[in-house]
Amino acid sequence: MDRQEDVFAGMKEALLKGDKEEAIRWAKLSLGMGVNPLDSIDQGLTPGIQQVGKLWEEGEYFLPQLVIAAECMKAAMKVLEPAISQKGEKKHGVGKVVIGTAEGDIHDIGKTLVATLLSVNGLEIVDLGADVPIIQMVNRAVEEEADLICISALLTTTMLGQKRLIELLNEKGIRHRFKVMVGGAPASQQWAEEIGADAYGENALEAVAEAKKLIGI
Amino acid sequence: MKSRLLELINSRGVLFDGAMGTELIARGLPAGQPPEEWNLKHPEIIEQIHRAYFEAGADIVQTNTFGGNRLKLATRGMDNLVGEVNIQGAKIALAVKPAGGFVAGNIGPTGKFLQPVGRFTPAELEEVFYEQASLLVEGKVELINIETMYDLEEAKAAVRGSRRATDLPVFASMTFSRTKKGFYTIMGNDVPTSLKELEGCGAEVVGANCTIGMPEMVELVRLMREDTDLPIIAQANAGAPQMRDGKVTYPLSAEEYASYTEELLEAGADIIGGCCGAGPEYIRLMAPLVKREKPWRKPD
């Protein structure tokens, strides 16, 4: 008879191996055993993705491993989600994030990873995709009454869109309504400070940590 | 390889051109606009840039076709222009080529990912690159330069596609960054495997460009030299881009960048150029150091 710990370890291992089927199997098994799905996320999936992130920082794992691990996590989440709503213990309502890649920029893997990880942490995500006009990002943030706007850019040209976002919020007199985090390879803490952003997410895991700080969870 | 080009590579250091993207941005290319569009809308500006590089001493300039493959153009609704963009690109460079100079057809990544990360197969990408290489050859380029590849499988598809399209020389550069474990591409490809497999597909010159500046590129060239007997091409960035007063700047000045030229040559680079941030001035300062006889390379 598997114990809870075995289930959590199994989930973590599935992410490390990038085995989607296994991640789904453990998720189903956990529900069958009556394990609280929120515990599965906190003690199984999240440590798994964090370990993947560490291995990436160590230069052991690369983009494919990150992407596949995130997909395994998403697949497991899909299995667990109905059980979370059923329990009425929805983590949602904890905070809402509008996220997208800046106008003119089609890079979205990092952004999607961040969106996935944020949603796993209970935040409600409005993912606008890539090549998002800055005005659209602002309008959606207002419409959705978002807490946090995350804007990613991979090119030095499109990076200027991050600066534009802050300017636009200021022009409309609504800067104070949102926290803004920037991300993407050319960005930096210095850049974030220079343009008046609230935070810089150096990688997906850092982004999640910063987002949680900004939202206060 | 074409004898004139091979002769040159064996006799002395060869000078490639510098950045195109950053030069276009400096001349007003709006954020998010595909640079290739200017082959059609502002050919005079592209011509100006090529001329500046030739005048700075470059032996070889690359066509403004980095994103000129069907898949990348399609994201901006320009895939119907794939023929024009590549053929015009070649025409513009050839129009200002001096005697003794060369025009390379530039091929960059599609921006799409192969399975399982994305949905494409190597065969599909090979077709796309075959199309682009064929068009560049139709435009009468003298060699193909594949660069900034971060996925070895995509790079191989580009080499295979180019090889199928032409007998002209095919160069292939990957882009590596330094991790705690050494130089790798973002997809996890290491240097020795990359160079070996690119050669296996038919590349005649291999190397690296972008992502890193100096002195990292010197270190990388040293490593590459251990892994291949082919001529090596190296094009470093002028450092990592930084934002100063709302403008993108590159930390390495032309003098600082050029000061690494000797080391690069000694490390084993045969063809040296510049990447992001390295404009005509950078090339001009490197020229006298690069275009010298190489006692350490024996002619074929």
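Start with chain A, which divides into domain 1 (4–86) and domain 2 (96–215); these bounds come from an automatic or database domain assignment. This is a predicted model, in which local features need pLDDT of at least 70 and side-chain atom pairs count only at pLDDT 80 or more, while totals for chains, interfaces and linings use all residues. Residues are numbered from 1 along each chain as its sequence is written, and chains are lettered from A and ligands numbered from 1 in the order in which they are written.

**Stop 1: between the domains of chain A**

Color the two domains of chain A. Their C-alpha centres lie 26 Å apart. Now select the contacts (C-beta atoms, placed from the backbone, within 7 Å). Here 13 residues of domain 1 of chain A meet 8 residues of domain 2 of chain A. On the domain 1 side, helix H3 (37–57) and helix H4 (63–86) of chain A each give two or more residues. Helices (H or I, at least four residues) and strands (E, at least two) are DSSP runs, numbered from the N terminus. H4(A) gives the largest share of that side, 7 residues. By class, the domain 1 side has 9 nonpolar, 3 polar and 1 charged residues. Ala, Val, Leu, Ile, Met, Phe, Trp, Tyr, Cys and Pro count as nonpolar, Asp, Glu, Lys and Arg as charged, and the others, Gly among them, as polar.

**Stop 2: chain A against chain B**

Keep H4(A) selected and show chain B. Across this interface, 21 residues of chain A are in contact with 18 residues of chain B. H4, helix H7 (160–171) and helix H8 (189–195) of chain A each supply at least two residues of the chain A side. H4(A) again has the largest share, here 4 residues. The chain A side holds 9 nonpolar, 6 polar and 6 charged residues.

**Stop 3: helix H4 of chain B**

Select residues 43–56 of chain B. This is H4(B), with 14 residues and a reach of 20 Å from first C-alpha to last, close to the 20 Å expected at 1.5 Å a residue. The expected span is 1.5 Å times one less than the number of residues. Its buried residues include Ile46(B), Ile49(B) and Tyr53(B). Buried means 20 or more other C-beta atoms within 10 Å of the residue's own, with C-beta atoms placed from the backbone. Their cover includes strand S2 (60–62) and helix H6 (82–95) of chain B. Gly57(B) follows H4(B), with a positive phi near 115°.

**Stop 4: helix H7 of chain B**

Move to residues 122–138 of chain B. The 17 residues of H7(B) should span 24 Å at 1.5 Å a residue, and its end C-alpha atoms are 24 Å apart, which agrees. Among its buried residues are Glu126(B), Phe129(B) and Gln132(B). H6 and helix H8 (152–165) of chain B are among the elements covering the buried residues of H7(B). Finish at Lys140(B), which follows H7(B) and has a positive phi near 75°.

Notes: Buried ≥ 20, exposed ≤ 12 C-beta atoms within 10 Å, placed from the backbone. Contact = placed C-beta atoms within 7 Å.
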